[in-house]
Every structure is written in C-alpha cells, then in structure tokens.
Amino acid sequence: MENSEGVKIESTVVTEEPLISALDIALFVVIITVAYFWYFKRDKQSSSSEKKPYTIQPSSLSSIEQTSNSSFIKKLKSTGRSLVVFYGSQTGTAEEFAGRIAKEGARYKMKGMVADPEECDMADLVEMKEIQKSLAIFCIATYGEGDPTDNAMDFYEWLQNGDADLEGLNYAVFGLGNKTYEHYNEIAIYIDQRLEELGATRVHEIGLGDDDANIEDDFVSWKEKLWESVCSHYGIEETGEESNIRQYKLVDCSEVLPERIFSGEISRLKSYENQRFPLDVKNPYLSKIAVNRELHKSGDRSCMHIEFDIDGSKMRYDTGDHVAVYPKNSSELVDKIGELLNADLDAVFSLLNTDEESSKKHPFPCPCTYRTALTYYLDITSNPRTHIMKELIEYASDPKDQEKLKLMASSTPEGKKEFHEWILRDNRNIVHILEDLPSVKPDLDHLCELLPRLQCRYYSISSSPKVYPKSIHITAVLVNYTTPTNRVNKGVATNLLAQLIPTNDELPQPTIPIYIRRSQFRLPPKSQTPIIMIGPGTGLAPFRGFIQERDYARKEGREIGEMVLYFGCRKKDEDFIYENELQEYVANGTLTKLHLAFSRDQPEKKYVTHLLEQNADELWNIIGEKSGHLYVCGDARSMAKDVHSIIVKVVMEKGQMTNSQALNYVKKMEQQKRYSADVWS
C-alpha cells in the first residue's frame, strides 16, 4: 500500500505497532514547518504588491497607456473634430484615399483625422453619437480571395462576432477591389451592410472602386457625390475654399548624426546591419542571392530563376506561399528628378506631421536624404493620381502648363478624358510629367509628401521546403516595355533582380530584403488526392513546388495521387521553362500527364484552354468522380476567367447538370478548397 506521501510500505510485519510512530511525528513536523514558511512568505509578497503595484506589474501601466492611445473618440473630442476616416490598406492606396477625404473635410466645416483600425479600439464607434454632426468613413480594400487587409482583420472579426448597438453612428464606405477577381469588393460590401444591421445610418451609398479599370475615376466620382449627401444630411454648405494645406512640415536635419539617418530600412534604424526576430512585413530579412539564371533559351524576352538564401534566418515557408521582395528605384530616374528640380539629393531632411494627434508622425522613415527617399521609399514609376495634378498647379509658371494640370485635376468629362489619355494611356510617371511640363518645379519636400509609398512586390514561391528548406525560389519575367511616348518603362523589382548576379569569388554576394506572406494556395492534406494544375507561363511557379513536394513523398515510399499539369508558352524552343525538370517528373511517374500548348509554334494559336476543352473526360474523372482538386495560376483578366467557364461547362456536360447546378457545384468546390486560384491582373 501507499501512504499520503506516496511512500510504499511493506506490510509483512505482524507484531503490534504503536498508533503513532516516530516516522509519522517527524513527517508531521516537516509538513507544519513548510506550511508556516509558505504562508508567511506569501503574505509578505502580498503586502509588498499592495505598496508597489506598478513595480511588480509594469504590464498594467503599459496596457492602460495603450488603451488610452487607441481611443480615437478621445482624440476627436479633444481636438474638436467630427470626421474620422478609417482605412483597410494592403498597398497604401486606401490609406491615400482616406487622407484625401479627411483633408477635404475642412471645406465642409468637418475637421477630420485618418485612423488605422488596427491601432484603434473600434468598439468606441458606439460613442460617435456623442459628437455633434459626426461621420465615420471607411476606405476598405478587399485582398486575396475575399479577405480583409491585415490591418482591418480585427475590425472585420469584431463586426462578425459582435452585436454592438451602433444607432447614432453616421457612416459611408468606399471599397477598393478588382473586377477580374471573383470576390470583388467583398469586404467593403460586408462592412457596409453589417454597419446598417447594427443600427448605423448610411449617409451615402457604397462606392466600389475597380483597380482593373480606373479606380481613381471611381473614387473621385464617388467622393463628389459623397459631399453632396453630407451637405444634405447635415444641412451644411461647402465653404468654397480650395486649400492645399500641407499634411507634413519640412524639418532641416543637416545637423543629425550619421548613425541616426535612415538609409533604406523599412522601419527600424540599422535593421539590415543588426537583424532581429521576428521577421515580418516591417522587418524583412536581408537575403543573399544564391542563384540567378536565365530560363528562356532564346528570343528577346527574359525569365529569371532566382534563389534566395534563407539559411540561418529562422524563416519557414510552405509550398504555395508568396515571397515579398523590397525593390528600389533606379538611380537614373532618381538623378533625373534631382536634375529637373535643381535639388541637392544628398541633403538630410525630415517630414513631420502637422497633426500632433496623428499616430503617423512621418510618411516614411525619417530623417533621411532626398536620394534615399526617392530610391527606397517613394513610388516614382507609377501613374500619379489626380490630386497630385491639383497640387502641382501652384508650381507651374507657364499658364499653358497650369491650364493642363487644372484640366486633368478636374472632374469634368473633358478633364477625365485628358487625364486618361495623357497620364494613363501614355503611361506617364512623375519624371515624365516634369519633363513634359518644364515650367512645373515643385518643392522636393512637397513632392516627397505627395508621392505614394514604394510597395514590395509579391512572387509565388516556386520551390518546396521539403526539398529546399534553406532557400526560396521564384520565377520572374523581366518587365520592359515602350510607352506611346517612345519611353522605355522598366519593372522596378525585376530590373533590380536582373542586376543581382552572384559571383563565384570571395566578394560579398548581392542581397535584397524579403519576407514570406502566407497563402491559402495549398496541396490537399492527403498525398493520394489527385490534382489538376493549370499554369501557363510563370503561372507554373507554384506548381513547380507542388510537384517537388509530391516527388519527395513518392521517394519516401508514400502513395501519391494523379498529378496533371497544363502548361503553355509561346514557343517550345524559346520559353518552355523548366522543360528538363518537367520531363524528368513525367519519366519517374510523379507527373502523371503533361499537357503542353505552344501558342506560336503553328499557324493557329493554341492555348491551355483549348487543351482543357479537349480533355473534358479527364477533367471530370478527377474533379467529379474522384473528388480531386483543381488549381489555376496566372492571368486573372482572361485566362482564369476562361478556365472557370470551361470547368462549369464540363461539369454541366459530364455531370449531367443544369447551368445553375454546375455553378453551384463549382462554388462548392471553391468553398471546400478543391478549386483554388492564385492569379494576378
């Protein structure tokens, strides 16, 4: 048997023993002594904690401060504001739109502020009714497969799971989406409807911006009608004052010590010299380029196979994930801006927010040189939006240049047409505008305030961590094209990558900042599940990883399901990328079938969509009879749409369904993650 202390006692002695032995007494004394000291030590600690609560629990003070800072209601009340514009932004466009709305509020006697929902306690929306003539506007982008942006995720979940009473909240929503994607503006539409369900009052109908067409035009048109609705709802009138009030003020930083000056870091000073974990979008990893080789065999185009070395970085990725690459602008374009504006690009400066209540003190890491800002932080190659045209008017000394800018900044049909033709169709960036309107000489610090942030570029990872745990592979086409004005525009990221060629000697290898973005583009959990992969051109990239992973499983002795790949390119002898690898996978049985379409190797063009139509029986056998998975990667505008139509048609014919039933079947496949798309426009 065992006593209360777990000590096993032999029971073979039959002679009579006293009721309480010496051992029992000793154990009792020990227990009493331990209990005494434990009690009084705890009591002493308790007394100490009552006297010095912040010394023992510093997190309590921190959380109190954080809660206070996250209250946008307190900021509105303390600064006499009535307008707050929230943004859900992945690339910066929604944030830019939010800033423009908040700035225009002054024209309608509504002092505004911009707010990041991730940094706010959104439950405070219930208190908006306490502010007279208050208004909350939401500029919300839909990201990925109908997902909220990272910074709007908590707000989205709060709306889904909560039941706050939002009666008295006045609101309006503008969505940013892309019609080539299935879940067009899904998040903005949900937020607009959910706010109404919770009792809020919609001041103006939702606006839906289409980035595949002209999202700037969509936004401007919606914004004009928004202010009409605001004036009507609140009984106010426009002041008529057109003001270009600066959001940031220039600070001379010529005396700042060199070690305090940013030189291209995303957020933390000297972060590339002293890498810290965890690594994320604001703290990328400075990766060495291990391999950079050409995939095209001939022709005038280039496609690069690049391998990033992540050994020792603690970075982990899954097959199907994306890698973000942080580019920098070409020195040629940067120098051109300095030349056109006669500016000292090596002067050190800072831009400080004039709104002391704003959580965003600087538009990009400051202090830095103008050269650093134009190289690493500002987008100088995209088409500027209309508000930039408006801000440039005051810097034009030639009346003709002034009139042209005024026209393009206007919302008249003539102005929209001129902006579309001269900026969008002719593909002019800020450098081209300054070249073609020579009297326009903006202050460089103001230009740095106006230009949007340079964004990282995402690439589908074309490797499997099972096979390549210490490197990340991408497949990237070099982007170069001639504009209608006979200028050569170059892709920011791909042209930089093309220059980063590793050497075989002891010289330092080229590096570039990267980080991993998780994806829902995943292989089935079971390796036996059959799959169909449709990926023309660089759409092959994630499927290279899929095939590697299944091949790894086969070599381990596991059973793998059918793998059917549809790949297409222009010419077999020019741009059939990874040809030898794919043929080897066919030979060893990992790749069951390889359907190839070379569009220009015969008189009539032949695409993967033609092959899909020809192989209807095989398609239905896998996605219908065997409940397999189907994946599409590549162009969203035409290819992905055509594939979807073909799949619906095959389901109708082979599954003997009506069009409605076939659409529901494909929709169910998508919901079950059996039909996945990784596409771009």
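1. Let me start with helix α23, where the buried residues are A662, V666, M669 and E670; buried here means under 20% relative accessible area, exposed over 50%, and partly exposed in between (1.4 Å probe, protein chains only). Viewed along the axis of α23, these residues fall within an arc of 100°, so they line one face of the helix. The arc is that of the directions from the helix axis to the C-beta atoms. On the other side of α23, N664 and Q671 are exposed.

2. Before going further, a word on the source: this is a predicted model, in which local features need pLDDT of at least 70 and side-chain atom pairs count only at pLDDT 80 or more, while totals for chains, interfaces and linings use all residues. Residues are numbered from 1 along each chain as its sequence is written, and side-chain values use heavy atoms, with hydrogens and water left out.

3. Back to α23, which spans residues 659-671 and has 13 residues. From first C-alpha to last the helix reaches 18 Å, close to the 18 Å expected at 1.5 Å a residue (the expected span is 1.5 Å times one less than the number of residues). Helices (H or I, at least four residues) and strands (E, at least two) are DSSP runs, numbered from the N terminus. The cover over the buried residues of α23 includes α21 (616-625), β22 (629-635), α22 (639-654) and β23 (675-680). After the helix comes K673, with a positive phi near 65°.

4. On confidence, the protein has a mean pLDDT of 89, and 89% of its residues reach 70 or more; pLDDT is the predictor's confidence in each residue, from 0 to 100. Please treat two stretches separately. Residues 1-20 have pLDDT below 50, and beyond near neighbours in sequence this stretch has 8 contacts in the model, a contact being heavy atoms within 4.5 Å. Residues 36-68 also have pLDDT below 50, with 3 contacts beyond near neighbours in sequence.

5. Strand β3 (residues 135-143) deserves a look: 9 of its 9 residues are buried. L135, I137, C139, A141 and Y143 point one way, A136, F138, I140 and T142 the other way, and all are buried. In a regular strand the side chains alternate between the two faces of the sheet.

6. Now for the partners of β3, where two strands pair if DSSP finds at least two bridges between them. Strand β1 (residues 83-88) runs parallel to β3, joined by 6 bridges, and V84 has A136 as its bridge partner in β3. Strand β5 (residues 170-177) is likewise parallel to β3, with 6 bridges, and C139 is partnered by F174. β4 (residues 147-148) is antiparallel to β3, with 2 bridges, among them the pairing of T142 with P148. β3 and β4 form a hairpin with 3 residues between them, and G144 in the turn has a positive phi of about 65°.

7. Elsewhere, 3 strands form an open antiparallel sheet in the order β8-β12-β13. β8 (248-252) and β13 (368-369) stand at the edges with a single partner strand each, so one side of each is left without a neighbour in the sheet. Strand β12 (residues 348-353) is joined to β13 by 2 bridges, and F349 has C368 as its bridge partner.

8. Finally, E418 sits in helix α13 (residues 413-425) and counts as buried at 19% relative accessibility. Leaving aside residues up to four places away in sequence, E418 touches K404, L407, M408 and I423. E418 and M408 are 10 residues apart in sequence and 5.9 Å apart in space, C-alpha to C-alpha.
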